[in-house]
Amino acid sequence: MLPIPRRNHLIRTKTKIEIVEFKTHRPRHNSQKTEPMTSEGLRDVLLPWAAPLRGHKTGDWLSENFEEGQSLTEFRAAWKPRDIDRSQRIQIFRYDNSDQRLKPLSDPAIPPLSEILRAYFPRVEFVFTALSDQQQCALVSSGIEKENGRRLGCDFLVNLASKVRKLSPEPPFAVTLLTETDLHDETDSSADGWVFGYSEPNKGGICVSWERCKRDGEDFSRSRCFVSLLLHEICHVFYIKHCVSFDCLMNGVNSEEELAAQSLHLCPECHAKLFDILRFDPFDRFASLRKIFGGMAWKRDGSLAANLLARLKEANTN
Ligand SMILES: [Zn+2]
Ligand SMILES: [Zn+2]
């Protein structure tokens with residue numbers, strides 16, 4: 001029996017804010033004219049390619065959690081600009097639970113992770129440098145480390161990430177703490193109440209554990225399951241909720257089996273939400289993902305990126 005994480009990490013932000021609509025411009029073929037692309041337009045072009053939501057069974061996320069889903073309009077109502085306009089940086093550290101220190105990721109982990117993240121979240125700068133001694137000292141003197149109990153709690157780690165974020169002279173958009181120790185939901189007293197990861201958009205804190213993604217001899221950063229978790233939690237920090245419309249990276253996940261089956265791609269609705277914030281070039285993004293996923297030998301994910309790119313190109317020439 002797999003332990004079932006019970007935490008429902010839905011994001012319940014309901015604050016209404018004003019969203020300024022933006023447009024990206026891409027030259028048409030044989031013409032210098034530009035064609036505005038709206039989030040809705042991008043979504044509608046890709047909708048025919050959306051894969052249906054996978055069927056679920058007892059123990060899966062949707063059998064245990066009621067999910068309302070989130071439309072593009074609802075996403076816009078939830079979005080808080082916070083610091084994204086000032087800083088599009090996300091800092092990533094390794095949290096070592098043996099000495100409760102934040103450390104830089106080891107070298108082998110960085111190339112695949114940084115390449116994947118930069119392709120997936122264009123225009124976001126991912127930073128992997130170590131904390132300064134001054135920041136580390138400030139963390140220790142803050143007393144936050146003493147709050148950690150026997151089990152590593154996801155609220156504890158997200159609060160630590162938030163604290164690190166605020167320690168920076170120029171706070172990054174979010175801080176992500178990766179750990180190889182199992183994470184637990186502090187509100188769940190059952191012995192098996194572990195979680196894969198957790199994200200708090202209002203605090204700009206993310207934590208993800210690779211403990212459940214271990215495969216024989218495989219570096220965690222090359223593990224498709226771990227990458228899927230990390231991409232999912234980063235999307236949450238952009239106020240993107242769980243998706244119940246299609247097969248999607250933002251589907252909730254309750255077990256290793258569900259995680260292994262999860263798509264690395266966002267469905268058209270969730271893809272439009274990310275586009276709404278980051279204003280990337282979707283052609284370049286799919287081309288980069290096709291190359292990177294193909295290079296990782298994740299054939300299904302590489303092929304899907306190629307198909308989505310073909311669909312966009314076809315729509316752009318019609
Ligand atoms: Zn989630
Ligand atoms: Zn979706």
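Reader: Is the crossing of helix 10 and helix 11 left-handed or right-handed?
Author: This is a predicted model, in which local features need pLDDT of at least 70, side-chain atom pairs count only at pLDDT 80 or more, and totals for chains, interfaces and linings use all residues. Residues are numbered from 1 along each chain as its sequence is written, while chains are lettered from A and ligands numbered from 1 in the order in which they are written. A crossing is left-handed if the near helix is turned anticlockwise from the far one by less than a right angle, and right-handed if clockwise. That of helix 10 and helix 11 is left-handed.

Reader: Are helix 10 and helix 11 roughly parallel or roughly antiparallel to each other?
Author: Helix 10 (residues 282-295) and helix 11 (residues 299-317) pack with their axes 8 Å apart, at an angle of about 155°. Angles under 35 degrees count as roughly parallel and those over 145 as roughly antiparallel. Helix 10 and helix 11 are therefore roughly antiparallel.

Reader: Which residue in the hairpin of strand 3 and strand 4 takes a positive phi?
Author: Four residues lie between the two strands of this hairpin. The positive phi, near 55°, belongs to Gln-100.

Reader: Which residue of strand 6 is the bridge partner of Ile-92?
Author: Strand 6 (residues 174-179) joins strand 3 over five bridges, in the parallel sense. The partner of Ile-92 in strand 6 is Thr-176.

Note on methods
Axes fitted to C-alpha atoms, helices over the stretch in contact; angles between N-to-C directions. Parallel < 35°, antiparallel > 145°, perpendicular 65-115°, else oblique. Pairing = 2+ DSSP bridges.
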